[in-house]
Amino acid sequence: MNSSPADNVDLDLTVFDPHTQAALIRGGFLVPKNILNYTETQFRKKVNLTAAAARHVFIEAAKISTANVNRDKEVTNQVITTGCKKIDKALGGGLFKCGITEISGESGCGKTQFCLQIALTVQLPLPLKGAKSGVAYICTEDRFPSSRMQQMISNIRFKYQCDNNNDMNELCQTDYGDNILITHVATVEDLKKCIHEMLPKALQHRPLKLIIIDSITAVFRGEYTLSNAPRRSRDLRDVACYLHKLSVEYGLWIICVNQVTSSMFDIEGKNLVPSLGLSWANLVTTRLMMSKTPCSRFIEVIFSPHTASKRVPFVVTERGIESIN
């Protein structure tokens, strides 16, 4: 198992007497993990310390280890906010880590707006239900909407309120644009190469906790004929399974945008359903669907392991997606 950075925090040797300091240095016991691998009695014999001195070392090591565990728990929160309290409530608290969250809907209903907002909320301070982490944003259709993102960033201090000055400073000083890793892919093979090769390398070197594919449909709709249906299903499964693997291994949130198509049982073409069929639907953890009328837009939980189906009206403003009061 890989050690976390917290495991390598050194003891503060200045709190010990010179004899204890020398014994710890000589034995190579400079990080809590190496000390707490032993019982107190075993450790005392190992470094030839008195019972009182060994007890002092154990107390200091435990203090650091406990602080690190608590900090790791805080950083690995299971839920991040969508930036909209009513949508969070409908989702059972927000977006849950691990698995694939699909957002589908017709053109212009707000899918990309939703993704841009999550690309910002994952960077929020922990008390605001963020993860203080970056995002890998994979575009398969249009160019990344940089101007819209900048508009949302410029309004972020007005959208989120902090009671704590330190949190407010962190909110305003985060360089949101630099924490978004953008790449463009045009084919299924490009997408597979991206998630199998590029993403693992990026995850090892950058603090990324969110992957967005906008959209998964674009690359899978145009490359396959009817005779290629089995291959398409295999490729979809390959992409989804590897995304699931990454989400569990690195503790990620994953959002895939899907388009919609008319139901095969709908003669008038008014009943829209997510594209890519059952082969994809069975690989999705949470399915959200957006819709619009001449007066309103809605986001609906179609299925989720965390909550029941529910529909929430919303509007798109300069600040992003917001619920209707």
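Visitor: Is Cys-98 buried, partly exposed or exposed?

Guide: This is a predicted model, in which local features need pLDDT of at least 70 and side-chain atom pairs count only at pLDDT 80 or more, while totals for chains, interfaces and linings use all residues. Residues are numbered from 1 along each chain as its sequence is written, and side-chain values use heavy atoms, with hydrogens and water left out. Buried means under 20% relative accessible area, exposed over 50%, and partly exposed in between, with a 1.4 Å probe and protein chains only. The relative accessible area of Cys-98 is 30%, so Cys-98 is partly exposed.

Visitor: Where does Cys-98 lie, and what is its phi?

Guide: Helices (H or I, at least four residues) and strands (E, at least two) are DSSP runs, numbered from the N terminus. Cys-98 lies in the loop between strand S2 (95–96) and strand S3 (100–105). Although Cys-98 is not a glycine, its phi is positive, at about 75 degrees.

Visitor: How many helices and strands are there in the chain, and what percentage of its residues is buried?

Guide: The C-alpha atoms of the chain fill a box of roughly 85 × 50 × 35 Å, taken along the principal axes. Within the chain there are 13 helices and 13 strands. Of its 325 residues, the buried share is 46%.

Visitor: Which residues touch the most other members of the largest nonpolar core, and which element gives this core its largest share?

Guide: A nonpolar core is a set of buried Ala, Val, Leu, Ile, Met, Phe, Trp, Tyr and Cys residues joined through side-chain atoms within 4.5 Å. The largest one has 43 residues, and those touching the most other members are Ile-103, Phe-114, Ile-255 and Ile-299. The largest share of this core, six residues, comes from H6.

Visitor: With which residues is Phe-114 in contact, leaving aside its neighbours within four places in sequence?

Guide: Contact means heavy atoms within 4.5 Å. With those sequence neighbours left aside, the partners of Phe-114 are Thr-82, Ile-103, Ile-255, Leu-288, Met-290, Ile-299 and Ile-321.
A second, separate core of 31 residues has among its members Ile-100, Leu-199, Leu-243 and Leu-276.

Visitor: Why are H6 and H7 described as oblique to each other, and at what angle do they pack?

Guide: Axes are lines fitted to C-alpha atoms, for helices over the stretch in contact, and angles run from 0 to 180 degrees between N-to-C directions. Angles under 35 degrees count as roughly parallel, over 145 as roughly antiparallel, 65 to 115 as roughly perpendicular and the rest as oblique, and H6 and H7 are therefore oblique to each other. Helix H6 (residues 111–121) and helix H7 (residues 146–154) have axes 11 Å apart and pack at an angle of about 50 degrees.

Visitor: Which residues of H7 are met by H6?

Guide: On the H6 side, the residues involved are Gln-113, Leu-116, Gln-117, Ala-119 and Leu-120. In H7 they meet Arg-148, Met-149, Met-152 and Ile-153.

Visitor: At what angle do the axes of H10 and H12 cross, and what makes these helices roughly parallel?

Guide: The axes of helix H10 (188–205) and helix H12 (residues 229–250) come within 10 Å and cross at roughly 10 degrees. That angle makes H10 roughly parallel to H12.

Visitor: Where is Pro-207 found, and is it buried or exposed?

Guide: Pro-207 lies in the loop between H10 and S6. Leaving aside its neighbours within four places in sequence, Pro-207 is in contact with Ser-133 and Gly-134. Its relative accessibility is 62%, so Pro-207 counts as exposed.

Visitor: What is omega for the peptide bond that joins Asp-214 and Ser-215?

Guide: Ser-215 is found in the loop between strand S6 (208–214) and helix H11 (216–221). The peptide bond joining Asp-214 and Ser-215 is cis, with omega of about 5 degrees.

Visitor: How far apart in space are Leu-30 and Leu-11?

Guide: Leu-30 is found in the loop between helix H1 (18–27) and helix H2 (32–36), and at 32% relative accessibility Leu-30 counts as partly exposed. Leu-30 and Leu-11 are 19 residues apart in sequence, and their distance in space, C-alpha to C-alpha, is 5.6 Å.
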